[in-house]
Amino acid sequence: MSLAATAPARALDAGALRRHWPLLPLAATVLFLLAPLPAGDATASGKVGPADAASLVLALVCGIQALRGRVRTLSPLGVLVLGAPGIGLAVSTMTAGDPYAALPGFVRYLQVFVLVPAAVVLLVRDAREFRIAAGCFVVLGLVQGAVGVVQYATHTGASYQGENVRAVGTFGPGDVMGMATVVAYGLVVATAAALAPGLSRRVRRTAAAAALALVLPLVLSFSRGAWIATLGAAVLVMAMAGIRRALRVLVALAALGVVLVGGLGVGSEMVAERLTSITQVSSAPDQSVTDRYTMWAAAESMWRERPAVGVGLKGFPAHRDGHSSLGLSSGSDTAGAGQAFIKQPLLSPHNMYLLVLSEQGLIGLLTLAGGWAALLVAGLRRFAAGTDRAVRDCGLIATGLLVWQLTDFLYADIGGPSTVLTGVIIGLAAWWALPSPGSGEGSAPGPVPPAAEGPAGR
């Protein structure tokens, strides 16, 4: 091929890179979670990892682009929804018994619930960039899921019922929910893309294959909360996409489940036991269920003590024993996947809403959960209006991810390296629910950078 023939392609690639370069730190925030944690370091989930560092670069790039006037325009509602959590966090920090001890919590919450979502909303300028960001979740889920399946097959995973078979990916036994979370994210995105009528047939088929591939590692994670959240999000996405498409997906998933669990016997006994334990709340609950409900009661007790502002960020561990019954165990047993036996302390109630209520009170719950509810309602209304047909796949993805996160928050809270993805998801949901004023369908950016005005930007 001659240089004359390759020159336009090179110019196109260079132009695309100049146009989309602000997405690089966003993609890095997601894909850096492929980096494995040090073996045996059960406390690594509480440290700043590569993905967290990338999210800080993302916020910095957003600030620079905002000063240059190259970000989307936010509506007053968008400013309120994205900025209100910062006010609630500041109040909770200042009213804490030890504001200095609460300061790390303030920084973490600010990162996840204010800075990262705002950066995503402002930097993702059109549907194409939204799809690129969403595709990173599928890539992450597929790689982590493949590692998890190998762990189950070779008995090198985390310990579960005396066997090292629990799929945890590169997150290790110190963060058993990490792989289940990212695999579920990828599954929801792939399912939504497979059902989106506006995408090409090739993209839909590829997405459907990815969704089916992600079912197995999700099952082998033995995570009850992730199963429930994925089921809820998938059912909603299928209902939004249409009954006919939903029935085809349900038939395919049912057939896959019969083949994997019934035919091949993949984890059948363990999966059955895990499913049964979901309903064993009062009859014969396992210790993890007992601990969870005990900590839920402790969180409620803390809130009743200080209903308006809570006990302060990072205050749950310090107040836990004073509000818990004797049924609470000393910690959670973790082992396997390259780590010796370690008992991890129970430092949160494993319910995001109760964690916010106990540490931040009604003010924090209103500013955080109130904003999430507003995004969900606005996103559903925009999808139901049907005016943005060219970007309806973005609506399916954003709504599915947000519903998954809000459902999972009933059984889990923030913690671990994958926490930063929560901010990305809220940002994608806000991008869909809060289109720029005067942007028509909301798929176009605000001011167009000069680099995009040439042939590559048309």
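Helix α14 covers residues 352–385, yet its 34 residues put the end C-alpha atoms only 31 Å apart, short of the 50 Å a straight helix would reach at 1.5 Å a residue (the expected span is 1.5 Å times one less than the number of residues). Helices here are DSSP runs of H or I with at least four residues, strands are E runs of at least two, and both are numbered from the N terminus. This is a predicted model, with pLDDT of at least 70 needed for local features and 80 or more for side-chain atom pairs, while totals for chains, interfaces and linings use all residues. Residues count from 1 along each chain as its sequence is written, and side-chain values use heavy atoms, leaving out hydrogens and water.

Now for the ends of α14. Asparagine 351 sits in the loop between β4 (339–344) and α14, and one of its side-chain oxygens comes to within 3.0 Å of the backbone nitrogen of tyrosine 353 at the helix start. Asparagine 351 is buried at 6% relative accessibility (buried is under 20% relative accessible area, exposed over 50%, partly exposed in between, with a 1.4 Å probe and protein chains only). Setting aside neighbours within four places in sequence, asparagine 351 contacts Trp296, Phe409, Leu410, Ala412 and Asp413, where contact means heavy atoms within 4.5 Å. After α14 comes glycine 386, with a positive phi near 70 degrees.

On to the rings. Phe, Tyr and Trp rings (the six-membered one for Trp) pair if their centres lie within 6.5 Å; planes under 30 degrees apart are stacked, over 60 edge-to-face, and the rest tilted.

| Pair | Centre to centre | Between planes | Type |
|---|---|---|---|
| Tyrosine 109 and phenylalanine 113 | 5.6 Å | 40 degrees | tilted |
| Tyrosine 185 and tryptophan 404 | 5.1 Å | 70 degrees | edge-to-face |

Tyrosine 109 and phenylalanine 113 are four residues apart in helix α5 (residues 99–123), so about one helical turn separates them. Tyrosine 185 belongs to helix α7 (residues 177–195) and tryptophan 404 to helix α15 (residues 392–408), so their pair ties together parts 219 residues apart in sequence. Tyrosine 185 is buried at 1% relative accessible area, and tryptophan 404 is buried at 0%.

Ring pairs also link Tyr109, Phe113, Tyr353, Trp372 and Phe409 into a cluster.

Key: Polar contact = N/O pair within 3.5 Å; in protein donor to acceptor, adjacent residues only side chain to side chain.
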